[in-house]
Amino acid sequence: MELNMLLDRLKLDHLEAQLDRVCEQASAKDLDYKDFLVSALDAEWRGRFQRTVESRLRQARFPWHKTLEQFDVDFQPSLDRRQLRELAGCGFVERASNVVILGPPGVGKTHLAVAFGVKAVEAGYTVRFMTLETLMTRLTRAKRENRLERVLQQLTYPKLLILDEIGYLPLNREEASLFFRLVVRRYERASTIVTSNKSFVDWGEVFNDHVLATAILDRLLHHATTLNIKGESYRLKEKRKAGLLGRAQSAAPAAAESPIAEEVPMTT
Ligand code: ADP
Ligand code: MG
């Protein structure tokens, strides 16, 4: 059988596409049979891996592609490099524990959440990103259409679910109880990253029910790492650099309006 037909039948598409290069390199390096086989299979494996990662990145529906390497940690001294490195290793996804990222607008909460999501995709996990608003629209519609159970099941499936922007819009009682049901479903089964501009003490108002907010926090924080970003908005820094704003105050204005609770333990 011809080589091209064999590659085709074995579905070795990536090797087929790179065959000339692989053969040229093998001849240039004078590889023996075994090393040539390794380099050929390696080309196929890398291509497959890359395609899987790209497909999982699309499924995750990130708002944009941001990485941890693009995050300027020096700009946020309240963040602990070691803790960021540890989260980047995705052990928290393996352990089904959570990450809560708190801070005023513009400090990089969404950037970090997406960056951890990208790491998780690269490590082979299924990831889904959505804003709290999208989540609530989806859950309330599912309930109305008697599909709630199925949608809750779908939302329990990703090994990492990222829920962005808790606190910008207050929820009504029904929405809060739907959110609680989702948190209960994922508790100790799969990881969730949530970002919020509100400190934990304000979550009672966000969820319109203090008892429910406590129950939600209880599950969310049982196995969780909290990143509490207290610095200045990166967006404002860029505007300031461009001369569009005055000098920096001691902290971002929103941080003063919404102080982040200090009493919450950092990690369990
Ligand atoms: P938040 O979600 O806290 O409101 P974002 O994550 O949307 O903030 O960040 C606002 C913008 O600033 C984004 O484009 C983000 O990539 C960028 N940004 C924020 N913090 C940093 C940082 N420390 N280093 C590099 N870019 C940053
Ligand atoms: Mg954000």
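Which polar backbone atom is 3.1 Å from an oxygen atom of ligand 1? That one belongs to G108, and the legends below start from there. The model is predicted, with local features needing pLDDT of at least 70, side-chain atom pairs counting only at pLDDT 80 or more, and totals for chains, interfaces and linings using all residues. Residues are numbered from 1 along each chain as its sequence is written, chains are lettered from A and ligands numbered from 1 in the order written, and side-chain values use heavy atoms, leaving out hydrogens and water.

View 1. Taken alone, ligand 1 exposes 550 Å², and the protein buries 88% of that (Shrake-Rupley areas, 1.4 Å probe).

**View 2. The shell around ligand 1.** Here you see 15 residues, with K66, D72, G106, T110 and H111 the closest (a heavy atom within 4 Å counts as near). Six are nonpolar, five polar and four charged; Gly counts as polar, and Asp, Glu, Lys and Arg as charged. Helix α6 (109-122) and helix α12 (234-241) each give at least two shell residues, and α6 has the largest share, three. Helices are DSSP runs of H or I, at least four residues, numbered from the N terminus.

**View 3. Both ends of α12.** At the N-terminal end, S233 is the cap, with a side-chain oxygen 3.2 Å from the backbone nitrogen of R235. After the helix comes G243, whose phi is positive, near 80°.

**View 4. Stepping back for context.** The C-alpha atoms fill a box of roughly 70 × 55 × 35 Å along the principal axes.

Notes:
A polar contact is a pair of N or O atoms within 3.5 Å; within protein, one must be able to donate a hydrogen and the other to accept it, and residues adjacent in sequence count only if both atoms are side-chain atoms.
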